[in-house]
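Subject: Structure handover

Hi,

Here is the structure I promised to pass on. Please open it alongside this note. My findings follow below.

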Amino acid sequence: GRLVNIAIDGPAGAGKSTVAKLAAEKLGYVYIDTGAMYRAVTLQALMDKIDMSDETNLTRIAESVDLALRADESGNTRVFLNGVDVSRQIRTPEVSRNVSLVSQVPGVRRRMMQLQKEMGARSGVVMEGRDIGTQVLPDAEMKFFLTASVEERARRRYAELIHRGFTVTYDEVYKDIAQRDNIDSHRAVAPLKPARDAEIIDCTGMTVEQVVDAIAARVSGRS
Ligand code: C5P
């Protein structure tokens, strides 16, 4: 059928990335992880020792970095920051702790949104983030908002971090998730909230396959 755009938003740890990636594979669409872009800007700010409240310099960094997302042969997104693969560095607890401070800066969001709108311009993307349905792709044909309880999201994120080889405790992950939810939902610019026309899926107790199937069924049902 005709290519459409699919927006998937929701809080940290709801399983958005896994679901969006698998849904894109199933549909033959391009998967775009917008959180990775905010994480890359945050990594650059940390490397440059920029204060996380210095909006002028954070904006300057967002405007000057060269960001590229590329799928590797197994369909995983690799993130390149000024030509260097930083896919692993952007997942560290230090970046996670600081990314919500960077992403609330209006100048940072302006630049990221511009790049993301360009990526979605030709349709056929599954774009995942916090404000895709509300701000980045308001005309997306399909919008989903994935949520789950904080406990379940912390459990998933904890398992994922341990699997990736990071040393963290469940309590640290829980605190990070609760704190990011709070900042992301209450910031002045593009706060995390479902678009009016989004379908809300509570993933608590659902398997990844069930969520992917629900999304794929909706999409094929309309095309
Ligand atoms: O999706 P992920 O957890 O990697 O996102 C990291 C952070 O990037 C979020 O906590 C949020 O502060 C920010 N973000 C955002 N808007 C998006 C995607 C991510 O503000 N579209």
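Pro 191 is partly exposed, because its relative accessible area is 22% and the cut-off for buried is under 20%. Pro 191 sits in the loop between helix H8 (170–186) and E8. Leaving aside residues up to four places away in sequence, Pro 191 touches Asp 184 and Ser 185. Asp 181 is ten residues from Pro 191 in sequence, and the two C-alpha atoms are 9.9 Å apart.

A word on confidence. This is a predicted model. The protein chain has an average pLDDT of 94, and 99% of the residues score at least 70. The model's ipTM is 0.99 and its pTM is 0.94.

**The sheet**

What is the strand order in the open sheet? The order is E2-E6-E1-E7-E8, five strands with parallel pairing. Strand E2 (30–33) and strand E8 (199–202) are the edges, and each pairs on one side only. From one strand to the next, the twist averages 20°.

- Tyr 31 stands opposite Val 126 in E6.
- E6 to E1: the pairing is parallel, over four bridges. Ile 6 has Val 126 as its bridge partner in E6.
- E1 to E7: four bridges again link two strands that run parallel. Asp 9 has Phe 145 as its bridge partner in E7.
- E7 to E8: strand E7 (residues 142–147) runs parallel to E8, with four bridges between them. Phe 145 is partnered by Ile 200 in E8. Thr 147 stands opposite Asp 202 in E8.

Look at Val 126 and Phe 145 in particular. Val 126 lies opposite Tyr 31 and is also the bridge partner of Ile 6. Phe 145 is partner to Asp 9 and to Ile 200.

How many residues of E6 are buried? Five of the five are, so E6 is largely enclosed by the rest of the structure. Both of its faces are covered. Val 125, Met 127 and Gly 129 are buried on one side, and Val 126 and Glu 128 on the other.

E7 is mostly covered, with six of its six residues buried. One side carries Met 142, Phe 144 and Leu 146. The other carries Lys 143, Phe 145 and Thr 147. Note that Lys 143 and Thr 147 are among the buried residues.

**Helices on the sheet**

H5 lies across E2 and strand E6 (125–129), and runs at about 155° to E6. Helix H9 (residues 208–222) also packs on the sheet. H9 touches strand E1 (6–9), E7 and E8, and its direction makes about 165° with that of E7.

**The cores**

Which residues have the most contacts inside the largest nonpolar core? They are Val 41, Leu 58, Leu 67, Leu 81, Ile 90, Val 108 and Met 112, in a core of 26 residues. H2 gives the most, with eight residues.

A second, separate core has 20 residues. Val 4, Val 126, Phe 144 and Cys 203 are among them.

Back to the largest core for Leu 81. Not counting residues up to four places away in sequence, Leu 81 touches Ala 40, Leu 43, Gln 44, Met 47, Val 65, Asp 66, Leu 67 and Val 86.

**Helix H3**

Which residues of H3 are buried? They are Leu 58, Thr 59, Ile 61 and Ala 62. Down the axis of H3, these buried residues fall within an arc of 160°, so they line one face of the helix. The buried residues of H3 pack against H2, H4 and H5. On the face turned away from that buried side, H3 carries the exposed residues Thr 56 and Ser 64.

Over to you.

Best wishes

Notes:
Residues numbered from 1 in each chain as written. Predicted model: local features only at pLDDT ≥ 70, side-chain atom pairs only at ≥ 80, totals over all residues. Heavy atoms only, no water. Core = buried A, V, L, I, M, F, W, Y, C linked by side-chain atoms within 4.5 Å. Buried < 20%, exposed > 50% of the residue type's maximum accessible area, 1.4 Å probe, protein only. Contact = heavy atoms within 4.5 Å. Arc of directions from axis to C-beta. Pairing = 2+ DSSP bridges. Axes fitted to C-alpha atoms, helices over the stretch in contact; angles between N-to-C directions. pLDDT = per-residue confidence, 0-100.
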